[in-house]
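Please open the model in a viewer and keep the selection tool at hand. The tour below moves from one selection to the next.

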Amino acid sequence: MIKKNIKTRHFGSIALLTIFLSLLLNACKVGKDYKRPHLNLPKKYRDEISPADSVGIGNIYWREFFVDTTLRKIIDTALVSNYDMRKALKNIQIANQRVFQARAEFLPDINATLGSVNRQYRSKNFYSNPSSKYYETKGKEAPETLFDYTMQHMSSIGLSWELDIWGKIRRMNERTLAEYLQTYEARKLLQTQLVANIAEGYYNLLMLDAQLEVARRNLRLTDSTLRIVKLQRDAGQVTSLAIQQTESQRLAAQSLIPQLERQVVIQENSLRALSGELPDSIPRDASLTDFLIEDSVTAGVPLYMVSHRPDVRASELALRAANANVGVTQAYRYPTLTIEAEGGVNSMLSKNWFKIPGSLFGGIIGSLTAPVFNKRKIKTDIEVAKLERDKAELDFQQVVLDAINEITNTLITFKKLQEEYEIAENRVKVAQLGIKQAGLLFKAGYATYLEVITAQQNAIDSELELVSLKQQLLLARVELYRALGGGA
């Protein structure tokens, strides 16, 4: 009874000492809490198209930004079936498992030994007195060569618990959570890029459709001119050279058609691949002329919109993780408080293995260990972690600067493309009028076939350029949507 009280008091003293040390040292946390570095951001974008407000097109949900039903269907399919998106989702799930693991570091390790049989051979001089040979088993096969041995049978449960007195595990959780959120932002960045790529491919497909229509219309016009030239040749008004020149013009217009048809098929296959589907045609009932170009767009306040971009958020989360890692490395410099406990049954004789309470045993150990000399490894790890944090901060500031430049360049591109498009519209009107006038003059004998061919070539060039500029305007709007972070 006295021994039991002594053991109870001893265990209570260890527990109270452990709690006291934990409370005493709990306030000493390693590392510094994260604080966002100063960002040198402008109050507005250079050559801004419209006055900035707090909400720009980057906040618009993609289904509201893209109104074409065919384009929406392609994007919906891609978000589910695209292989990169599916891998990004797996990366999130992997990071999520690591978050669960980091949280579990606060809990003790518990291990069970279901059964252990230990045979240990002893020398003749091992025993201190005759009575200690009670559990000895004699060797029988070759007594002259075998040592005597003892047996021990044991089953136990052991517990090991490291107290987070310096905040090392908390910093590890902070680092793991930041890394998890990085994978989430990476998926958002991939989604924004995927939506933008599909929209660009779809607008490019509509541009090819429009160019193909211009080429076919120009071929029909060239056929009409060739018939007139042949009639004039028969009437003796022009020579065979006129027919050759006009036929050459017709063949040039005809060769453009298979080129565009080939590009249409390749673009359709590319869009299907982004959607995770096999090559096939893409049914569409819209044309490039159905899309209206807004006169202005809102980009939002730089500070708010830059922070909205997934790549900027991911870069800041990398800085958070690097900052937390400094605390983790610093914690290895200080003592580690560990509590270990073990209990179970053991016996020298197998028949007494599970006889309770006679075979019960137990023990508890509280240890405070600290590194003394480890060849400067801890100091090196700490200094490297600090330098890695400095690098992460520089990367973050670089990403922010690149984001501001990208948005600014996209805004000015959109603005200047609008000016080019207005000029191209006027050029098309002039070129179409030139075709009509050249045709009338040619029929009346006041213009040559070369002037007609030149007018037709100018017209097709101006129409193809107008179609291309319309597509570039749509792409610039998509690029601005992507540069501003895109809607989730």
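## Stop 1: the cavity

About 40 Å³ of space lies in the largest cavity. A cavity here is a set of points, on a 1 Å grid over the protein atoms alone, where a 1.4 Å probe fits but cannot get out, and lining residues have an atom within 4 Å of a point. Points are joined across faces, edges and corners, and the volume is the space filled by probe spheres set on them. The model is predicted: local features need pLDDT of at least 70, side-chain atom pairs count only at pLDDT 80 or more, and totals for chains, interfaces and linings use all residues. Residues are numbered from 1 along each chain as its sequence is written, and side-chain values use heavy atoms, with hydrogens and water left out.

Select Leu-189, Thr-192, Arg-309, Pro-310, Asp-311, Arg-482, Ala-483 and Gly-485 to display the lining of the largest cavity. Helix 5 (168-234), helix 8 (310-331) and helix 10 (449-483) are the elements that give two or more residues to this lining. Helices (H or I, at least four residues) and strands (E, at least two) are DSSP runs, numbered from the N terminus. The lining has three nonpolar, two polar and three charged residues. In this classification Ala, Val, Leu, Ile, Met, Phe, Trp, Tyr, Cys and Pro are nonpolar, Asp, Glu, Lys and Arg are charged, and the others, Gly among them, are polar.

## Stop 2: helix 6 against helix 10

Next, select helix 6 (residues 240-274) together with helix 10; they pack at an angle of about 10°, with their axes 10 Å apart. Axes are lines fitted to C-alpha atoms, for helices over the stretch in contact, and angles run from 0 to 180 degrees between N-to-C directions. Helix 6 is therefore roughly parallel to helix 10; the classes are roughly parallel under 35 degrees, roughly antiparallel over 145, roughly perpendicular from 65 to 115, and oblique for the rest.

On the helix 6 side, show Leu-241, Ala-242, Gln-245, Thr-246, Gln-249 and Leu-256; on the helix 10 side, Tyr-449, Ile-453, Gln-457, Ile-460 and Leu-464 complete the contact. Contact means heavy atoms within 4.5 Å. These residues divide into seven nonpolar, four polar and no charged.

## Stop 3: helix 3 against helix 4

Move to helix 3 (residues 69-81) and helix 4 (residues 83-104), whose axes come within 6 Å and cross at roughly 45°. That angle makes helix 3 oblique to helix 4. Highlight Ala-78, Leu-79, Val-80 and Ser-81 in helix 3, which meet Tyr-83, Met-85 and Arg-86 in helix 4. By class, five nonpolar, one polar and one charged residues form this contact.

## Stop 4: two loops

Select Ile-356 and Pro-357, which are joined by a cis peptide bond with omega of about 10°. Pro-357 is in the loop between strand 3 (336-347) and strand 4 (360-369). Then select Lys-375, in the loop between strand 4 and helix 9 (377-444). Lys-375 has a positive phi of about 60°, although it is not a glycine.

## Stop 5: helix 5 against helix 9

Finally, display helix 5 with helix 9: their axes come within 12 Å and cross at roughly 15°. Helix 5 is thus roughly parallel to helix 9. Leu-221, Ile-228, Val-229 and Gln-232 in helix 5 meet Ile-435, Phe-442 and Lys-443 in helix 9.

Note on methods
1 Å grid on protein atoms, 1.4 Å probe; cavity = no way out; pocket = protein on both sides within 12 Å on 5 of 7 lines; lining within 4 Å.
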